[in-house]
Amino acid sequence: MKKFFVTFALIAAVVLTSTARAAEFEMVEYSAQVKLQWLSAAGIPEAQKFLKLIDRPVFFHADNLADFERIQLTNSLYQELNFTAAMDYVREKNYRNVFDLACSLSPRAMILGDEGRRVIVGELNTVCLLGDWCVDEFGKTSKQTVSYDAFWLQDAVGMMESANKFDGEICIIEQGVSIYLADDIRSQMFDNIHSVLKKHGGCLITSDFCQKKYFTDVATALYGAEAAPTLYAETKAMYEKVYGDKIADDALQDEQEAIEYLRAHGLRAEKIPLFRTLPKLYINSKLTPEQIQRVNELSVRTYLWVITAI
Ligand SMILES: C[S@@+](CC[C@H](N)C(=O)[O-])C[C@H]1O[C@@H](n2cnc3c(N)ncnc32)[C@H](O)[C@@H]1O
């Protein structure tokens with residue numbers, strides 16, 4: 001009940017007037033909404049539900065982004081691959097605890113939460129307010145199993161306090177974040193993750209290392225090798241618009257360097273295929289048979305890193 005009133009009071013500013021809502025939403029990292037836009041376009045119902053609930057116009061469309069159709073399909077495929085691969089891994093290992101770090105409003109949390117898994121989303125405060133509100137609005141089992149905790153990735157105490165709410169080993173998911181962080185923040189985040197894994201056991205899964213090659217391979221599967229670097233550059237420019245800042249995309253792109261970086265943080269990495277069996281992707285209904293064939297080939301490549309404490 002208390003949670004209801006606190007959430008209601010905080011969210012009231014978001015829902016009462018469109019002006020207030022716009023102001024509140026501006027405080028939320030815009031990337032949260034952009035990710036939902038791509039997952040929605042892929043056809044993921046839970047992402048569509050989130051977008052409907054927060055009721056904001058989508059950021060990018062054919063009228064304001066050149067090459068929109070190709071950028072949308074590439075990003076939707078890339079996001080759905082990550083989204084589904086992480087869930088498949090959690091199910092395969094039957095992790096009961098999932099720590100979804102900086103994943104924005106998380107349709108994945110709702111799905112895993114509805115399966116009875118305990119999911120904590122670690123996010124910025126404004127995302128947490130919206131996230132908790134969304135869970136109350138459309139959660140089923142997830143009303144009891146999913147919650148959002150506000151802490152910075154670089155906050156050792158905040159991350160550990162949140163992790164301590166789990167009972168047993170934890171599967172931490174981090175995707176699409178570490179590549180954008182400043183070096184010192186990223187370094188602190190991996191130290192914090194190391195402490196959590198050392199104490200609770202489990203692993204971190206991510207596809208952020210060597211992400212540039214992975215994303216380019218996804219674009220190649222859809223549009224061929226010649227178009228892929230352009231699609232990578234266009235996507236980077238689009239996200240730079242969202243962040244209002246330049247993205248340094250050369251960090252942790254070399255596999256050996258990344259392995260050594262992790263080792264320096266007390267972590268070891270194993271690269272595994274995105275999927276062990278062919279995935280059934282929502283986006284397939286938008287692809288040609290040739291594209292599906294190339295996506296199937298991608299799905300067994302070792303883009304997923306499983307990282308554990310040494
Ligand atoms: C690029 S999005 C990543 C979204 C998602 N993981 C994905 O795969 O696209 C970045 C998210 O991280 C959150 N974030 C950014 N910097 C953070 C920090 N230092 N601590 C906690 N969350 C952060 C933002 O609120 C945003 O929702």
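Let's start with the overall count: the protein has 14 helices and seven strands. Its radius of gyration is 19 Å, close to the 19 Å that the globule rule gives for 310 residues, so the protein is as compact as a globular protein of that length. Keep in mind that this is a predicted model.

Now the dimensions. The C-alpha trace spans about 55 × 50 × 35 Å along its principal axes. Of the 310 residues, 40% are buried. Then there is the contact pattern. Take contacts between residues at least 6 apart in sequence: 72% of them join residues at least 24 apart.

Next, the core. How many residues does the largest nonpolar core have? It has 80. The residues with the most contacts inside it are L77, V98, C171, I172, I173, I205 and V218. Helix α5, residues 68–92, gives the most to this core, with 10 residues.

Stay with L77 for a moment. Setting aside residues up to four places away in sequence, L77 touches A42, V218, L222, I283 and V295.

On to helix packing. Two packed helices are described by the angle between their axes and the distance between the axes. Here the pair is α3, residues 30–42, and α5. Their axes come within 8 Å and cross at roughly 90°. The two helices are therefore roughly perpendicular to each other. On the α3 side, the contact is made by K35, W38, L39, A41 and A42. On the α5 side, it is Q72, N75, S76, L77, Q79, E80 and F83. By type, the residues of this contact divide into six nonpolar, four polar and two charged.

Next stop, helix α6, residues 107–114. Is α6 largely enclosed or largely open? Seven of its eight residues are buried, so α6 is largely enclosed by the rest of the structure. The buried ones are P107, R108, A109, M110, I111, L112 and G113. Just after α6, G116 takes a positive phi of about 90°.

L101 is found in β1, residues 97–101. Why does L101 count as buried? Because it has 24 C-beta neighbours inside 10 Å, and the cut-off is 20 or more.

Which residues does L101 meet, leaving aside its neighbours within four places in sequence? They are G122, L153, I172, I173, E174 and V177. Look at E174 in particular. L101 and E174 are 73 residues apart along the chain, and their C-alpha atoms are separated by 5.3 Å.

Definitions and conventions. Residues numbered from 1 in each chain as written. Predicted model: local features only at pLDDT ≥ 70, side-chain atom pairs only at ≥ 80, totals over all residues. Core = buried A, V, L, I, M, F, W, Y, C linked by C-beta atoms within 7 Å. Buried ≥ 20, exposed ≤ 12 C-beta atoms within 10 Å, placed from the backbone. Helix = DSSP H or I, 4+ residues; strand = E, 2+ residues; numbered from the N terminus. Contact = placed C-beta atoms within 7 Å. Axes fitted to C-alpha atoms, helices over the stretch in contact; angles between N-to-C directions. Parallel < 35°, antiparallel > 145°, perpendicular 65-115°, else oblique. Nonpolar A, V, L, I, M, F, W, Y, C, P; charged D, E, K, R; others polar. Rg over C-alpha atoms; globule rule 2.2 N^0.38 Å.
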